[in-house]
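Trainee: I have a structure open and would like to go through it with you. Can we start with whatever sits around the ligands?
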Amino acid sequence: MLAVIQKTGNRLFRVVEGVADRFFGPRLNPFYQLGGLAFFFFWIVAGSGLYLYIYFRTSATEAYQSVEYLTREQWYLGGVMRSLHRYASDAMVLTVVLHLLREFCRDRFSGVRWFSWVSGVFLLWLMYASGIGGYWLVWDQLAQFVAVLTSEWLDQLPIFSAAMARNFLNEAHLSDRFFSLLSFLHIGIPLVLLLGMWIHIQRISQPRSNPVNGLAWRTLLAMLVLSLLKPAVSMAPANLDKVVTQVDLDWFYLAFYPLMDHWSYSAMWLLAGGATLVMLFLPLLHRQKRSKVAEVELVNCNGCERCFVDCPYGAVTMQLRSDGLPYEKEAVVDADQCVACGICVGACPTATPFRRRGAHLAGIELADYSIGELREQIISVSAKLQGKARIIVFTCDHGGDAEPLQAADTAVVKLPCIGFLPPSFIDFILSRKYAEGVFLTGCSAGNCYHRFGIDWTQQRLLNQRDPGLRQRVSRELIDCYWDGSGHSRPLKMELLDFHAHLKEMAEHEHVRDIRAIDGPGRDETRSER
Ligand code: HEM
Ligand code: SF4
Ligand code: SF4
């Protein structure tokens, strides 16, 4: 059942993300930066909130007027700030809920990710508590509706010595002191939320807690335009002596309130508590089959730290050398943190297929899939290839299905993550003529399942990251296609295109070879090449 929901959701996300890719491009695609966007909205809410607080009166009798002043008299700044505060809070809910659904559908919530998931569940409560508390402060009819229902709901729990709802019985019962307390809670809870957000990303290395600049500015601009075109306004002032019969709900924060109005409070607690418990235990209910984790082969480790820097999960630490070899440090893998993506193997300078003596072993290896096995696999698939433009396609466990690309002149090798492939293996394939071209594919750009597999691979190919691809390797013979949307047609078209390009190159090479053999400068021409 869980698997069906995940699969359907994942397919849906892929379609929507594909459309967004075409619209924004992978770099600015908001679906790939939902966590970072949630942070960004938090900062907008915090900044605009600070401004509002300068003018806000923390008493039940003056609060409404102070907000009205900002909205009407100071519409050009205070009004804009109020609208930004409202819309950024709504956008935060939207991005967080999408972020949650996406991590769930992409199967990124169990195993070592349990910490991010479980801390995320607490963030949900804190985020709603922060936002709903904000609605009370305006002290209009919506605030009254929310305050009465929430306090009656909270009174179901034996946490307060006196019933909280008593404060909202009628106008005479609402004291300024209680209202001031609510205002301070509206600052305190978001601060705890911020602390929770910080804890949430502690187990992730290099967390993307900011959206890229282009997306951030566009989002802020869109919020400003919306704030000017449709400013946030209050309803009529609250009056506890009258019952509120109609409200304009904010569906992002208050979607559960109509239900609360109709169901019993106990039923609402059952729903909220039950959903929270299910979410908290979801990582336990859904245990993934774990591949064997990475292991350090100390004799081949020179302590260069590349695996430590490149591991997307902070699973590698550098510790003092323990084997007497003349290096200062050695890599150590924390098995509880490792997801066996193999990105560290791609980062290790000793992961080379060219070694003449001894076994092909890198400083760090996946127990299930060594670089020696990868080397053997390349040699074995190459032996079956035919034609003048033979291609080896490398794909990953999480991208689109590349198996159908297999043909007489095309072999497909599946890796745990594309970042597993050390660049020296591309050099090996092309220089030893195991194929005429190498084609890399996997997840979508900016959306690598293992976070940095695509980024690190691209940087290694461009020699912007160690270990880089040697200069002698012609980049013309390598093609990368990052689109994990699952649509096989564009992938096939790209491969056909690359195939035609390789064929054309082979033709030119053939003509040049003939000229070189016929002409006087034979040796010179060859060496020039
Ligand atoms: C205030 C709300 C939240 C914020 C600001 C936030 C932010 C983030 C950020 C910045 C990352 C790192 C993304 C990356 O660098 O790849 C992340 C990862 C993650 N978040 Fe959240 N998050 C929030 C709520 C949630 C919730 C409600 C859940 C689910 C219950 C959740 C589940 C996860 C998981 C599982 C990861 C790990 C992804 C991975 O390891 O690839 N988050 N979050
Ligand atoms: S990348 Fe390889 S050589 Fe460098 S520290 Fe890690 S295991 Fe050792
Ligand atoms: S396999 Fe992946 S998670 Fe494990 S140590 Fe290597 S890079 Fe880190």
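**Ligand shells and other features**

Mentor: The model is a predicted one. Sorted by class, the shell around ligand 2 has nine nonpolar, four polar and two charged residues.

Trainee: Which residues are closest to ligand 2?

Mentor: Cys 301, Cys 304, Cys 307, Cys 348 and Gly 363 are the closest, out of 15 residues that surround ligand 2.

Trainee: And ligand 3, which residues come nearest there?

Mentor: Cys 311, Ala 315, Cys 338, Cys 341 and Cys 344 come nearest, and 14 residues lie around ligand 3 in total. By class, the shell of ligand 3 divides into 13 nonpolar, one polar and no charged residues.

Trainee: Is Ala 340 buried or exposed?

Mentor: Ala 340 is buried, because 23 other C-beta atoms lie within 10 Å and the cut-off for buried is 20 or more.

Trainee: Which other residue has a positive phi although it is not a glycine?

Mentor: Gln 206, with a phi of about 45 degrees. Gln 206 is in the loop between helix H7 (176-200) and helix H8 (213-229).

Trainee: Why does Gln 206 count as partly exposed?

Mentor: Gln 206 has 13 C-beta neighbours inside 10 Å, so it counts as partly exposed. A residue is exposed at 12 or fewer.

Trainee: Switching to peptide bonds. Where is the cis one?

Mentor: A cis peptide bond joins Asp 466 and Pro 467, with omega about -5 degrees. Pro 467 belongs to the loop between helix H15 (453-461) and strand E8 (478-481).

Trainee: Now helix packing. How do H2 and H4 cross?

Mentor: The axes of helix H2 (residues 34-55) and helix H4 (residues 75-105) come within 8 Å and cross at roughly 155 degrees. That angle is over 145, so H2 is roughly antiparallel to H4. The crossing of H2 and H4 is left-handed.

Trainee: What classes of residue make up the contact of H2 with H4?

Mentor: The contact of H2 with H4 has 17 nonpolar, eight polar and two charged residues.

Trainee: Last one, the overall picture. How many helices and strands does the protein have?

Mentor: The protein has 17 helices and eight strands. Its C-alpha atoms fill a box of roughly 105 × 50 × 45 Å along the principal axes. Of the 529 residues, 37% are buried. Among contacts between residues at least 6 apart in sequence, 73% join residues at least 24 apart.

Definitions and conventions
Residues numbered from 1 in each chain as written. Chains lettered and ligands numbered in written order. Predicted model: local features only at pLDDT ≥ 70, side-chain atom pairs only at ≥ 80, totals over all residues. Near = placed C-beta within 6 Å. Nonpolar A, V, L, I, M, F, W, Y, C, P; charged D, E, K, R; others polar. Axes fitted to C-alpha atoms, helices over the stretch in contact; angles between N-to-C directions. Helix = DSSP H or I, 4+ residues; strand = E, 2+ residues; numbered from the N terminus. Parallel < 35°, antiparallel > 145°, perpendicular 65-115°, else oblique. Left-handed = near helix turned anticlockwise from the far one by under 90°. Contact = placed C-beta atoms within 7 Å.
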